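Hi there,

Here is the structure I promised to pass on. Have a look at it first, and then read on for my notes.

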2 protein chains.
Amino acid sequence: MVKTQKRTLKTRAKLLEASENIVRSGGYENLRVEQVVAQAGVAKGTFFAHFKDKDSLMEALIGPRLHEFLDEIERRNAPASVDDLLNALRPIIQFAMSERYVFDVILRHSGAAAKAEIDPIAGAINRMGEVLAVWLANAPFRKDISPALLADGIGAFLFQALALHFCAIHNAQSIDERMRIYLNAWLLPSN
Amino acid sequence: MVKTQKRTLKTRAKLLEASENIVRSGGYENLRVEQVVAQAGVAKGTFFAHFKDKDSLMEALIGPRLHEFLDEIERRNAPASVDDLLNALRPIIQFAMSERYVFDVILRHSGAAAKAEIDPIAGAINRMGEVLAVWLANAPFRKDISPALLADGIGAFLFQALALHFCAIHNAQSIDERMRIYLNAWLLPSN
DNA sequence: TCAATAAATTGACCATGGTCACTTTCTTAA
DNA sequence: TTAAGAAAGTGACCATGGTCAATTTATTGA
């Protein structure tokens, strides 16, 4: 067993930097592995020695973004209302909405949440559950179910609203309005 | 403008039949376009004259299956309980669970539900909303929100439960048990 | 300092979905 | 019946993600 060479870290950094540049100019959707390795000045094989596949690079790019949003949420006080909650979630919603491809990547990984090898996106979604659960314990919402279950539901409705956002007809209704309806029904049932 | 030639229908039928054979023996995941055209005895270009892309073939294969399940649900009486509802949904759940790839395809199209050009999967998901809505109007569940919204939520939790199914850790809990918890909380809040 | 070994890198090559200019087959109107 | 035009079909070719045997570079123990 030999320690990781600093060369490795350098190469990985080059790959990530090139990727970020490409995303900055053309979005996630238009990133090509060939372009990344060209800009990073390494061979294609090197890319796949650092990332299992292209999706794995996406994890490394998108995961940290999601974690930043969660950091921000964690700093807030418990939400006092559905609108308050919605405001807190808005950065995540905006980001996931920014490109269909981004939403697809997040979706693809959401199922992997909590699998053995934690990838950054799955980890973020998992963490969202935890952050929200802690947070909801002190919120003025229904108390007949656990905060963890409340959080699960919020996640489910978030994906639902985003999925419906990316379609023509349903688009008439804004994602914001849709989320408000979902969350009111989920968090404040008046049965 | 000239009417569709019967040759066209024949070719499409050959492509679908070959596809179904391949799926039968190796599952959806292992279907290759090259194999389909080889078995159907047509050129590759012909495939893409009939189907926009591979995903579009998947729509044509998976969509009808979903519609069959919905036909069956439609024939049932309104559910008398969450378990009853769950029993009705089970064939869909089983099918969506059968292969990760199948779930991915459905997921990918769910966002397209109700878009202008109705594809069979999106159409099915849309129809699921309608079928459930009609159905839920006569069910003994909460009445503070519309049947359509109830149905939306069921869809959201269905995807959530399926997504979590495809991961190692959460797998301990069966999708059935998970759905029961979700549906109880959604349909019968006791706040 | 020098093998020996392990880690990192390379790039030719492959797999597979998708395109398109060209050919073949069909339909229609006179 | 036939010529013109439209629809259907063809297969060589491309784009892009991914593999792997061979090579280079680093580390380690003597």
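Which element gives the most to the surface near DNA strand D? Keep that in mind while you turn the model around; please also remember that this is a predicted model.

Let me begin with chain A as a whole. Taken along the principal axes, the C-alpha atoms of chain A fill a box of roughly 60 × 45 × 25 Å.

The annotation "domain: HTH tetR-type" covers residues 9-69 of chain A, according to UniProt. Over residues 9-69, chain A is 80% helix and 0% strand, with the end C-alpha atoms 26 Å apart. UniProt also places a "DNA-binding region" at residues 32-51 of chain A. For residues 32-51 of chain A the figures are 75% helix and 0% strand, and the end C-alpha atoms are 14 Å apart.

Now to DNA strand D and the question above. The answer is H3(B), which gives four residues to the surface near DNA strand D. There are 23 residues around DNA strand D, and the closest are A:Lys54, B:Thr8, B:Thr11, B:Gly45 and B:Thr46. Sorted by class, the residues of this surface near DNA strand D are seven nonpolar, nine polar and seven charged. On the DNA side, 72% of the atoms of DNA strand D within 4 Å of the protein belong to sugar or phosphate, and the rest belong to bases.

Some individual contacts with phosphate oxygens of DNA strand D may interest you:

- B:Thr8 has a side-chain N or O atom 2.7 Å from a phosphate oxygen of DNA strand D.
- A:Arg32 also uses its side chain, with an N or O atom 3.0 Å from a phosphate oxygen of DNA strand D.
- A:Val33 takes part through its backbone, where an N or O atom lies 3.2 Å from a phosphate oxygen of DNA strand D.

The elements that give two or more residues to the surface near DNA strand D are H3 of chain A together with H1 and H3 of chain B.

What about DNA strand C? Of the 22 residues around DNA strand C, those that come nearest are A:Thr8, A:Thr11, A:Gly45, A:Thr46 and B:Lys54. The surface near DNA strand C is made up of seven nonpolar, nine polar and six charged residues. Among the atoms of DNA strand C within 4 Å of the protein, sugar or phosphate accounts for 72%, and bases for the rest.

The phosphate contacts of DNA strand C include these:

- A:Thr8 places a polar side-chain atom 2.7 Å from a phosphate oxygen of DNA strand C.
- A:His50 has an N or O atom of its side chain 2.8 Å from a phosphate oxygen of DNA strand C.
- B:Val33 has a polar backbone atom 3.2 Å from a phosphate oxygen of DNA strand C.

Two or more residues of the surface near DNA strand C come from each of helix H1 (6-26) and helix H3 (44-50) of chain A, and helix H3 (44-50) of chain B.

Finally, two helix pairs. In chain B, the axes of helix H1 (residues 6-26) and helix H4 (residues 54-75) come within 11 Å and cross at roughly 75°. Because of that angle, H1(B) is roughly perpendicular to H4(B). H1(B) brings B:Arg12, B:Leu16, B:Ser19, B:Glu20 and B:Val23 to the contact, and H4(B) brings B:Leu57, B:Ala60 and B:Leu61. By class, the contact of H1(B) with H4(B) has five nonpolar residues, one polar and two charged.

In chain A, the axes of helix H6 (residues 100-110) and helix H7 (residues 120-136) come within 8 Å and cross at roughly 75°, which means that H6(A) is roughly perpendicular to H7(A). The contact joins A:Val105, A:Ile106, A:His109 and A:Ser110 of H6(A) with A:Ile121, A:Ala122 and A:Ile125 of H7(A). Five nonpolar and two polar residues make up the contact of H6(A) with H7(A), with no charged residues.

Best wishes

Methods
Residues are numbered from 1 along each chain as its sequence is written. Chains are lettered from A and ligands numbered from 1 in the order in which they are written. This is a predicted model: local features need pLDDT of at least 70, side-chain atom pairs count only at pLDDT 80 or more; totals for chains, interfaces and linings use all residues. Side-chain values use heavy atoms; hydrogens and water are left out. A residue is near a molecule or strand if one of its heavy atoms lies within 4 Å of it. A polar contact is a pair of N or O atoms within 3.5 Å; within protein, one must be able to donate a hydrogen and the other to accept it, and residues adjacent in sequence count only if both atoms are side-chain atoms. Ala, Val, Leu, Ile, Met, Phe, Trp, Tyr, Cys and Pro count as nonpolar, Asp, Glu, Lys and Arg as charged, and the others, Gly among them, as polar. UniProt positions are given in the numbering used here, feature names are shortened, and annotations may be inferred rather than shown by experiment. Axes are lines fitted to C-alpha atoms, for helices over the stretch in contact, and angles run from 0 to 180 degrees between N-to-C directions. Angles under 35 degrees count as roughly parallel, over 145 as roughly antiparallel, 65 to 115 as roughly perpendicular and the rest as oblique. Contact means heavy atoms within 4.5 Å.
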